[in-house]
Structures are given as structure tokens and as C-alpha cells.
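This report describes selected features of one protein model. Please examine the sequence and the structure shown below before reading on.

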Amino acid sequence: LAVTQQEELMKKQFTMMRDMQQQRLFQVLAQRGITLSPEEKKKSDQVLAATQKIIEEEFSWEKLRPVIVAVYATNLSADTLKALNAFYRSPAGQEFLVKMPAIQQQLMNELQQPILELSKKLDAKVAELTAKNGEGK
């Protein structure tokens with residue numbers, strides 16, 4: 001796990017999730033025509049910081065490491081783990097590790113709009129089905 005920099009990657013992912021959560025909140029508010037006052041924004045930032053702290057505590061490296069090790073050991077042979085270790089120690093593996101956070105960020109950014117559109121479609125379908133079920137009573 002050390003060679004794959006799992007702990008550092010996890011910390012970066014938490015930061016990306018926090019930033020996306022905050023960005024998504026402001027997007028939803030803007031779409032609904034809601035502008036936060038400075039006091040409301042401060043309160044929102046406090047709530048996001050508090051929730052992020054809980055997430056980081058519950059998914060700390062100390063708690064996740066044994067789970068990750070067990071899952072790897074259950075699903076991958078010793079030979080496969082050795083090969084992966086060799087790959088991640090190679091220049092290509094190191095480049096992959098260095099670039100992975102940027103790749104993940106770009107993927108998250110690219111998927112935000114499709115996920116938003118999917119969410120709208122799902123909301124519409126649920127509303128449609130709920131209305132139909134309500135009419136049949």
C-alpha cells in the first residue's frame with residue numbers, strides 16, 4: 001500500500017469530495033435562484049467543514065488500512081500483488097500514481113453534468129410514477 005501511496009491518494013480524494021460537495025451546493029442554490037448572505041455562507045462553510053471532519057474520522061487511514069489489506073488479500077494472489085508492486089515501483093507506475101488524482105478530478109468534473117441530468121430525469125420519473133399512483137386511488 002505504501003508504494004501505491006494509498007494514504008496520500010485517500011487524503012486527496014477527501015479534499016476533492018469536499019470541494020465537489022461545496023461546489024454542488026452552490027450550483028443547486030444558484031439554479032434555484034438562492035443567494036446566500038455572508039452569514040449564511042459562513043454557516044454553510046461551517047457545516048461542510050464539520051461534515052468533512054466526520055467523514056475523515058470515520059474513514060481514517062487507520063480504520064481503512066486493515067479493510068483494504070483484507071480485500072486485496074482476498075481477491076488477489078500473492079503473485080498478482082507482487083506484479084502490481086513491481087508495476088507501481090516502475091517509472092510507468094509512478095507516473096500513473098502521480099497523475100491519478102488529476103485524472104480522477106477530471107473524471108469527476110466531466111461526470112457532474114451527466115449526473116445532474118440523470119438526477120433530473122430520475123426525479124421526473126419518480127414524480128410521474130407517484131402522480132400516476134396517486135390518481136389510481
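Gln 112 counts as buried, because its relative accessibility is 18%; buried means under 20% relative accessible area, exposed over 50% and partly exposed in between, with a 1.4 Å probe and protein chains only. Gln 112 lies in helix α5, residues 91–135. Apart from neighbours within four places in sequence, Gln 112 has contacts (heavy atoms within 4.5 Å) with Met 20, Gln 23 and Gln 27.

The model is predicted: local features need pLDDT of at least 70, side-chain atom pairs count only at pLDDT 80 or more, and totals for chains, interfaces and linings use all residues. Residues are numbered from 1 along each chain as its sequence is written, and side-chain values use heavy atoms, with hydrogens and water left out.

The largest nonpolar core consists of five residues: Met 10, Phe 14, Trp 61, Leu 64 and Ile 68. Such a core is a set of buried Ala, Val, Leu, Ile, Met, Phe, Trp, Tyr and Cys residues joined through side-chain atoms within 4.5 Å. Two or more of its residues come from each of α1 (6–31) and α3 (61–75), and α3 gives the most, with three.

| Feature of α3 | Value |
|---|---|
| Number of residues | 15 residues |
| Span, first C-alpha to last | 20 Å |
| Buried residues | Trp 61, Leu 64 and Ile 68 |

The buried residues of α3 fall within an arc of 65° seen down its axis, so they line one face of the helix. The face turned away from them carries the exposed residues Glu 62, Ala 73 and Thr 74. The cover over the buried residues of α3 includes α1.

Note on methods. Helix = DSSP H or I, 4+ residues; strand = E, 2+ residues; numbered from the N terminus. Expected span 1.5 Å × (residues − 1). Arc of directions from axis to C-beta.
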